[in-house]
Amino acid sequence: MILDAHCDAPSQMLRLRDYALDNDHAQVDFPKMRRGGVDASFFALYIPASLKGNDATAYARKLLSVLKAQLAASSDEAALATSAAEVLKNKEEGRLSVLVGMENASAIQEDFSLLEEFYKEGVRYVTLTHSADNQVGDSCTGSGLWGGLSPFGKKLVREMDSMGMLVDLAHASEDTMRDVLDISVRPVLDTHCCCKALCKHRRNISDELLRGIAEGGGVVGMSIYPLFLSDSFATIYKASGLSSESWIEDEFIADPSDPERRLSWYGLLDRLSALKRPGVDVVADHVMHAIEVAGEDHVGFGTDYDGIEFTASGMETIADFHVLLDELKARGMGEKSLKKLSWENFLRLL
Ligand SMILES: [Zn+2]
(Lines give C-alpha, C1' and ligand atoms only; values in the text may rest on other atoms or scores of the structure.)
Protein backbone atom coordinates (compact mmCIF):
# COMPACT_ATOMS: atom_id res chain seq x y z
CA MET A 1 0.00 0.00 0.00
CA ILE A 2 1.07 3.56 -0.70
CA LEU A 3 -0.44 6.73 0.77
CA ASP A 4 0.44 10.10 -0.79
CA ALA A 5 0.01 12.90 1.77
CA HIS A 6 -0.61 15.71 -0.70
CA CYS A 7 -1.94 16.32 -4.19
CA ASP A 8 -4.04 19.10 -5.68
CA ALA A 9 -6.72 17.02 -7.41
CA PRO A 10 -9.75 19.15 -6.44
CA SER A 11 -8.25 22.20 -8.23
CA GLN A 12 -7.94 20.08 -11.39
CA MET A 13 -11.54 18.89 -10.97
CA LEU A 14 -12.58 22.56 -11.09
CA ARG A 15 -10.66 22.65 -14.39
CA LEU A 16 -13.03 19.94 -15.61
CA ARG A 17 -10.74 16.92 -15.30
CA ASP A 18 -12.67 13.67 -14.85
CA TYR A 19 -10.67 11.47 -12.46
CA ALA A 20 -12.37 8.31 -13.70
CA LEU A 21 -10.50 8.71 -17.02
CA ASP A 22 -6.85 8.19 -17.93
CA ASN A 23 -6.27 11.86 -18.83
CA ASP A 24 -3.66 13.37 -21.14
CA HIS A 25 -1.23 15.86 -19.48
CA ALA A 26 -2.45 14.86 -16.01
CA GLN A 27 -0.33 13.78 -13.06
CA VAL A 28 -3.15 12.14 -11.09
CA ASP A 29 -6.41 10.37 -11.88
CA PHE A 30 -7.87 7.10 -10.64
CA PRO A 31 -6.40 4.90 -13.43
CA LYS A 32 -2.92 6.37 -12.79
CA MET A 33 -3.27 5.79 -9.03
CA ARG A 34 -4.09 2.14 -9.81
CA ARG A 35 -1.07 1.75 -12.09
CA GLY A 36 1.22 3.34 -9.49
CA GLY A 37 -0.11 1.16 -6.68
CA VAL A 38 -1.17 4.29 -4.77
CA ASP A 39 -4.16 3.16 -2.72
CA ALA A 40 -4.75 6.34 -0.79
CA SER A 41 -4.10 10.01 -1.31
CA PHE A 42 -4.92 13.25 0.45
CA PHE A 43 -6.70 15.50 -2.05
CA ALA A 44 -6.16 19.08 -0.89
CA LEU A 45 -8.76 21.82 -0.98
CA TYR A 46 -6.30 24.48 -2.09
CA ILE A 47 -7.47 28.04 -1.45
CA PRO A 48 -5.40 30.72 -3.22
CA ALA A 49 -3.91 33.31 -0.86
CA SER A 50 -5.75 36.06 -2.77
CA LEU A 51 -9.11 34.82 -1.37
CA LYS A 52 -10.13 35.97 2.09
CA GLY A 53 -13.08 35.74 4.48
CA ASN A 54 -16.35 34.46 3.01
CA ASP A 55 -14.80 34.20 -0.47
CA ALA A 56 -12.19 31.74 0.84
CA THR A 57 -14.85 29.67 2.64
CA ALA A 58 -17.12 29.61 -0.42
CA TYR A 59 -14.22 28.49 -2.63
CA ALA A 60 -13.36 25.65 -0.22
CA ARG A 61 -17.00 24.50 -0.21
CA LYS A 62 -17.02 24.59 -4.03
CA LEU A 63 -13.87 22.40 -4.21
CA LEU A 64 -15.38 19.97 -1.73
CA SER A 65 -18.59 19.70 -3.72
CA VAL A 66 -16.83 18.95 -7.05
CA LEU A 67 -14.71 16.37 -5.25
CA LYS A 68 -17.75 14.69 -3.69
CA ALA A 69 -19.57 14.70 -7.03
CA GLN A 70 -16.64 12.91 -8.72
CA LEU A 71 -16.44 10.38 -5.87
CA ALA A 72 -20.18 9.73 -6.14
CA ALA A 73 -19.78 9.11 -9.88
CA SER A 74 -16.89 6.66 -9.27
CA SER A 75 -18.15 4.95 -6.12
CA ASP A 76 -17.00 1.49 -7.28
CA GLU A 77 -13.49 2.80 -7.88
CA ALA A 78 -12.81 5.28 -5.07
CA ALA A 79 -14.31 6.36 -1.77
CA LEU A 80 -13.82 9.01 0.84
CA ALA A 81 -11.82 7.89 3.89
CA THR A 82 -11.76 9.82 7.16
CA SER A 83 -9.84 7.38 9.35
CA ALA A 84 -7.11 4.76 9.17
CA ALA A 85 -9.78 2.07 9.55
CA GLU A 86 -11.65 3.39 6.49
CA VAL A 87 -8.45 3.42 4.41
CA LEU A 88 -7.87 -0.25 5.30
CA LYS A 89 -11.53 -1.15 4.66
CA ASN A 90 -11.50 0.54 1.22
CA LYS A 91 -8.30 -1.33 0.38
CA GLU A 92 -9.90 -4.62 1.39
CA GLU A 93 -12.92 -3.84 -0.79
CA GLY A 94 -10.68 -2.97 -3.74
CA ARG A 95 -11.36 0.75 -3.72
CA LEU A 96 -8.97 3.68 -3.71
CA SER A 97 -9.16 5.97 -0.67
CA VAL A 98 -9.49 9.70 -1.05
CA LEU A 99 -8.64 11.58 2.12
CA VAL A 100 -9.26 15.30 2.30
CA GLY A 101 -6.94 18.06 3.47
CA MET A 102 -7.43 21.81 3.39
CA GLU A 103 -4.51 23.88 2.10
CA ASN A 104 -4.76 27.38 3.62
CA ALA A 105 -6.74 28.01 6.81
CA SER A 106 -8.16 31.22 5.32
CA ALA A 107 -11.43 29.30 4.78
CA ILE A 108 -11.78 28.81 8.55
CA GLN A 109 -11.80 32.62 8.97
CA GLU A 110 -11.87 33.16 12.77
CA ASP A 111 -14.76 30.82 13.34
CA PHE A 112 -14.44 27.39 14.98
CA SER A 113 -17.87 26.40 13.65
CA LEU A 114 -16.30 26.46 10.15
CA LEU A 115 -13.48 24.22 11.39
CA GLU A 116 -16.13 21.84 12.70
CA GLU A 117 -18.12 22.01 9.44
CA PHE A 118 -15.09 20.98 7.37
CA TYR A 119 -14.13 18.28 9.88
CA LYS A 120 -17.64 16.81 9.60
CA GLU A 121 -17.31 16.91 5.80
CA GLY A 122 -14.20 14.72 6.08
CA VAL A 123 -11.27 17.16 6.17
CA ARG A 124 -8.51 15.66 8.34
CA TYR A 125 -5.66 18.14 8.06
CA VAL A 126 -5.43 21.88 7.62
CA THR A 127 -2.30 23.49 6.15
CA LEU A 128 -2.17 26.70 8.15
CA THR A 129 -1.03 29.09 5.41
CA HIS A 130 -0.30 29.16 1.71
CA SER A 131 1.99 31.65 -0.05
CA ALA A 132 1.04 34.70 2.05
CA ASP A 133 0.60 35.48 5.75
CA ASN A 134 -3.02 35.03 6.82
CA GLN A 135 -5.21 35.42 9.92
CA VAL A 136 -3.56 32.33 11.45
CA GLY A 137 0.11 33.12 11.03
CA ASP A 138 3.08 33.75 8.78
CA SER A 139 3.93 31.95 5.58
CA CYS A 140 7.53 31.12 4.61
CA THR A 141 6.94 33.27 1.52
CA GLY A 142 5.10 36.08 3.38
CA SER A 143 6.29 39.30 4.97
CA GLY A 144 6.46 38.23 8.63
CA LEU A 145 3.23 39.94 9.70
CA TRP A 146 2.89 38.19 13.08
CA GLY A 147 6.37 36.88 13.84
CA GLY A 148 4.90 33.34 13.89
CA LEU A 149 1.34 32.34 14.81
CA SER A 150 -1.23 35.10 15.33
CA PRO A 151 -3.18 35.19 18.64
CA PHE A 152 -6.07 33.50 16.77
CA GLY A 153 -3.63 30.98 15.25
CA LYS A 154 -2.60 29.86 18.74
CA LYS A 155 -6.24 29.28 19.68
CA LEU A 156 -6.84 27.47 16.39
CA VAL A 157 -3.96 25.02 16.96
CA ARG A 158 -5.37 24.17 20.43
CA GLU A 159 -8.85 23.68 18.96
CA MET A 160 -7.50 21.47 16.14
CA ASP A 161 -5.61 19.40 18.72
CA SER A 162 -8.72 18.90 20.80
CA MET A 163 -10.92 17.81 17.85
CA GLY A 164 -8.26 15.61 16.24
CA MET A 165 -7.74 17.74 13.12
CA LEU A 166 -4.09 17.43 12.07
CA VAL A 167 -1.98 20.59 11.77
CA ASP A 168 0.04 20.75 8.54
CA LEU A 169 3.10 23.04 8.63
CA ALA A 170 3.78 23.05 4.86
CA HIS A 171 4.12 26.66 3.61
CA ALA A 172 4.44 28.03 7.18
CA SER A 173 7.37 30.24 8.22
CA GLU A 174 9.97 28.76 10.55
CA ASP A 175 8.66 30.98 13.41
CA THR A 176 5.11 29.70 12.79
CA MET A 177 6.43 26.13 12.83
CA ARG A 178 8.25 26.72 16.14
CA ASP A 179 5.13 28.27 17.69
CA VAL A 180 3.04 25.25 16.63
CA LEU A 181 5.61 22.80 18.01
CA ASP A 182 5.56 24.73 21.33
CA ILE A 183 1.76 24.76 21.62
CA SER A 184 0.58 21.51 20.02
CA VAL A 185 0.17 18.48 22.27
CA ARG A 186 -0.36 16.14 19.29
CA PRO A 187 1.91 15.02 16.43
CA VAL A 188 1.94 17.41 13.45
CA LEU A 189 2.65 17.09 9.73
CA ASP A 190 4.59 18.82 7.04
CA THR A 191 2.82 17.21 4.11
CA HIS A 192 4.89 18.35 1.13
CA CYS A 193 8.45 19.68 1.25
CA CYS A 194 12.07 18.60 0.82
CA CYS A 195 15.19 19.08 2.96
CA LYS A 196 16.77 22.52 3.31
CA ALA A 197 20.16 20.92 4.02
CA LEU A 198 20.19 19.72 0.37
CA CYS A 199 18.32 22.56 -1.39
CA LYS A 200 17.88 26.10 -0.04
CA HIS A 201 14.30 26.70 -1.27
CA ARG A 202 12.27 28.61 1.35
CA ARG A 203 9.57 25.92 1.34
CA ASN A 204 12.03 23.23 2.44
CA ILE A 205 12.41 22.11 6.05
CA SER A 206 15.51 22.65 8.18
CA ASP A 207 17.14 19.84 10.15
CA GLU A 208 16.16 21.60 13.40
CA LEU A 209 12.46 21.55 12.49
CA LEU A 210 12.66 18.03 11.06
CA ARG A 211 13.89 16.95 14.51
CA GLY A 212 11.20 19.03 16.22
CA ILE A 213 8.40 17.40 14.22
CA ALA A 214 9.87 13.94 14.86
CA GLU A 215 10.23 14.56 18.61
CA GLY A 216 6.52 15.37 18.75
CA GLY A 217 5.72 12.10 16.94
CA GLY A 218 4.87 13.80 13.63
CA VAL A 219 5.60 12.93 9.98
CA VAL A 220 7.15 14.85 7.08
CA GLY A 221 6.04 14.03 3.50
CA MET A 222 8.78 14.29 0.87
CA SER A 223 7.86 16.01 -2.40
CA ILE A 224 9.08 15.45 -5.96
CA TYR A 225 9.00 19.12 -7.05
CA PRO A 226 12.21 19.96 -8.97
CA LEU A 227 12.53 23.42 -7.38
CA PHE A 228 12.50 21.83 -3.89
CA LEU A 229 14.98 19.16 -4.99
CA SER A 230 17.88 21.06 -6.47
CA ASP A 231 19.38 24.56 -6.31
CA SER A 232 21.03 24.02 -9.69
CA PHE A 233 17.63 23.26 -11.25
CA ALA A 234 16.42 26.65 -9.94
CA THR A 235 19.16 28.23 -12.09
CA ILE A 236 18.13 26.20 -15.15
CA TYR A 237 14.48 27.17 -14.65
CA LYS A 238 15.31 30.86 -14.25
CA ALA A 239 17.48 30.83 -17.38
CA SER A 240 14.66 29.22 -19.38
CA GLY A 241 12.45 32.29 -18.91
CA LEU A 242 9.41 29.99 -18.73
CA SER A 243 8.18 31.46 -15.44
CA SER A 244 7.14 34.54 -17.43
CA GLU A 245 4.60 32.36 -19.27
CA SER A 246 2.54 31.53 -16.18
CA TRP A 247 -0.24 33.74 -17.60
CA ILE A 248 -1.01 30.81 -19.96
CA GLU A 249 -2.09 28.75 -16.95
CA ASP A 250 -4.06 31.70 -15.54
CA GLU A 251 -5.98 31.99 -18.81
CA PHE A 252 -6.70 28.26 -18.80
CA ILE A 253 -7.94 28.39 -15.19
CA ALA A 254 -10.20 31.33 -16.08
CA ASP A 255 -11.92 29.23 -18.79
CA PRO A 256 -10.97 25.53 -18.76
CA SER A 257 -13.74 24.75 -21.28
CA ASP A 258 -11.90 26.66 -24.03
CA PRO A 259 -9.98 24.02 -26.07
CA GLU A 260 -7.42 26.55 -27.33
CA ARG A 261 -6.52 27.70 -23.83
CA ARG A 262 -6.21 24.05 -22.79
CA LEU A 263 -3.85 23.30 -25.69
CA SER A 264 -1.72 26.38 -24.91
CA TRP A 265 -1.43 25.14 -21.33
CA TYR A 266 -0.42 21.66 -22.52
CA GLY A 267 2.19 23.31 -24.79
CA LEU A 268 3.69 25.16 -21.82
CA LEU A 269 3.73 21.94 -19.77
CA ASP A 270 5.64 20.24 -22.60
CA ARG A 271 8.22 23.05 -22.70
CA LEU A 272 8.62 22.84 -18.90
CA SER A 273 9.02 19.06 -19.05
CA ALA A 274 11.76 19.42 -21.66
CA LEU A 275 13.99 21.18 -19.08
CA LYS A 276 16.71 19.04 -17.56
CA ARG A 277 15.03 18.15 -14.28
CA PRO A 278 16.54 16.35 -11.25
CA GLY A 279 15.85 12.62 -11.26
CA VAL A 280 14.49 10.11 -8.81
CA ASP A 281 18.00 9.69 -7.35
CA VAL A 282 17.76 13.24 -6.00
CA VAL A 283 14.31 12.52 -4.51
CA ALA A 284 15.87 9.51 -2.80
CA ASP A 285 18.73 11.70 -1.48
CA HIS A 286 16.14 13.92 0.25
CA VAL A 287 14.24 10.93 1.63
CA MET A 288 17.45 9.39 3.00
CA HIS A 289 18.52 12.70 4.55
CA ALA A 290 15.12 13.14 6.23
CA ILE A 291 15.41 9.61 7.66
CA GLU A 292 18.93 10.32 8.90
CA VAL A 293 17.72 13.40 10.78
CA ALA A 294 14.15 12.48 11.82
CA GLY A 295 14.21 8.68 11.85
CA GLU A 296 12.23 6.31 9.64
CA ASP A 297 9.09 6.56 11.81
CA HIS A 298 8.72 10.21 10.84
CA VAL A 299 9.11 10.32 7.06
CA GLY A 300 6.64 9.60 4.25
CA PHE A 301 5.68 10.80 0.76
CA GLY A 302 3.77 13.96 -0.10
CA THR A 303 4.40 14.46 -3.79
CA ASP A 304 2.34 17.61 -4.55
CA TYR A 305 1.24 16.03 -7.86
CA ASP A 306 -1.36 18.12 -9.71
CA GLY A 307 -0.20 21.20 -7.83
CA ILE A 308 3.16 21.39 -9.62
CA GLU A 309 3.88 22.26 -13.24
CA PHE A 310 6.72 19.74 -13.53
CA THR A 311 8.04 16.78 -11.55
CA ALA A 312 11.25 14.90 -10.86
CA SER A 313 12.41 13.24 -14.06
CA GLY A 314 11.11 9.65 -14.28
CA MET A 315 8.18 10.37 -11.94
CA GLU A 316 6.02 12.33 -14.39
CA THR A 317 2.74 10.94 -13.03
CA ILE A 318 1.54 9.10 -9.95
CA ALA A 319 1.67 5.90 -12.05
CA ASP A 320 5.49 6.14 -11.76
CA PHE A 321 5.58 5.78 -7.97
CA HIS A 322 7.33 2.41 -8.15
CA VAL A 323 10.40 4.14 -9.65
CA LEU A 324 11.01 5.84 -6.29
CA LEU A 325 10.38 2.68 -4.28
CA ASP A 326 12.79 0.76 -6.56
CA GLU A 327 15.46 3.44 -6.04
CA LEU A 328 15.05 3.24 -2.25
CA LYS A 329 15.24 -0.58 -2.38
CA ALA A 330 18.38 -0.36 -4.52
CA ARG A 331 19.91 1.77 -1.75
CA GLY A 332 19.32 -1.04 0.70
CA MET A 333 16.02 0.00 2.26
CA GLY A 334 14.21 -3.06 3.61
CA GLU A 335 10.51 -3.97 3.37
CA LYS A 336 9.80 -2.91 6.95
CA SER A 337 11.20 0.58 6.44
CA LEU A 338 9.51 0.98 3.05
CA LYS A 339 6.17 0.09 4.63
CA LYS A 340 6.60 2.80 7.26
CA LEU A 341 7.37 5.42 4.62
CA SER A 342 4.72 4.27 2.20
CA TRP A 343 1.74 4.32 4.55
CA GLU A 344 2.24 3.18 8.16
CA ASN A 345 3.59 6.49 9.44
CA PHE A 346 0.69 8.51 8.08
CA LEU A 347 -1.92 5.97 9.13
CA ARG A 348 -0.51 6.10 12.66
CA LEU A 349 -1.24 9.83 12.77
CA LEU A 350 -4.73 9.34 11.33
ZN1 LIG B 1 1.39 23.45 -1.39
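**Group meeting: strands, helices and one buried leucine**

Five of the five residues of strand E1, residues 3-7, are buried, so E1 is largely enclosed by the rest of the structure. Buried means 20 or more other C-beta atoms within 10 Å of the residue's own; 12 or fewer is exposed, in between is partly exposed, and the C-beta atoms are placed from the backbone. Helices (H or I, at least four residues) and strands (E, at least two) are DSSP runs, numbered from the N terminus.

Some ground rules. This is a predicted model: local features need pLDDT of at least 70, side-chain atom pairs count only at pLDDT 80 or more, and totals for chains, interfaces and linings use all residues. Residues are numbered from 1 along each chain as its sequence is written.

Back to E1. It runs parallel to strand E2, residues 40-46, and three bridges join them. Two strands pair if DSSP finds at least two bridges between them. Cys-7 stands opposite Phe-43 in E2.

Next, helix H8, residues 207-215. Its buried residues include Leu-209, Leu-210, Gly-212 and Ile-213. They cover an arc of only 160 degrees around the axis, which puts them on the same side of H8. That arc is taken from the directions from the helix axis to the C-beta atoms. What covers them? Among the elements are helix H7 (174-183), strand E7 (189-193), strand E8 (219-222) and helix H13 (280-294). After H8 comes Gly-217, with a positive phi near 90 degrees.

Now helix packing. The axes of H6, residues 151-163, and H7 come within 10 Å and cross at roughly 45 degrees. Axes are lines fitted to C-alpha atoms, for helices over the stretch in contact, and angles run from 0 to 180 degrees between N-to-C directions. H6 and H7 are therefore oblique to each other. Under 35 degrees counts as roughly parallel, over 145 as roughly antiparallel, 65 to 115 as roughly perpendicular, and the rest as oblique. At this crossing, Lys-154, Val-157 and Arg-158 in H6 meet Asp-179, Val-180 and Ile-183 in H7. Contact here means C-beta atoms, placed from the backbone, within 7 Å.

Last, Leu-71, in helix H3, residues 53-73. Is it buried or exposed? Leu-71 has 20 C-beta neighbours inside 10 Å, so it counts as buried. Leaving out residues up to four places away in sequence, Leu-71 touches Ala-78, Ala-79, Leu-80 and Val-98. Leu-71 and Val-98 are 27 residues apart in sequence, and 8.5 Å apart from C-alpha to C-alpha.

Terms used: Contact = placed C-beta atoms within 7 Å.
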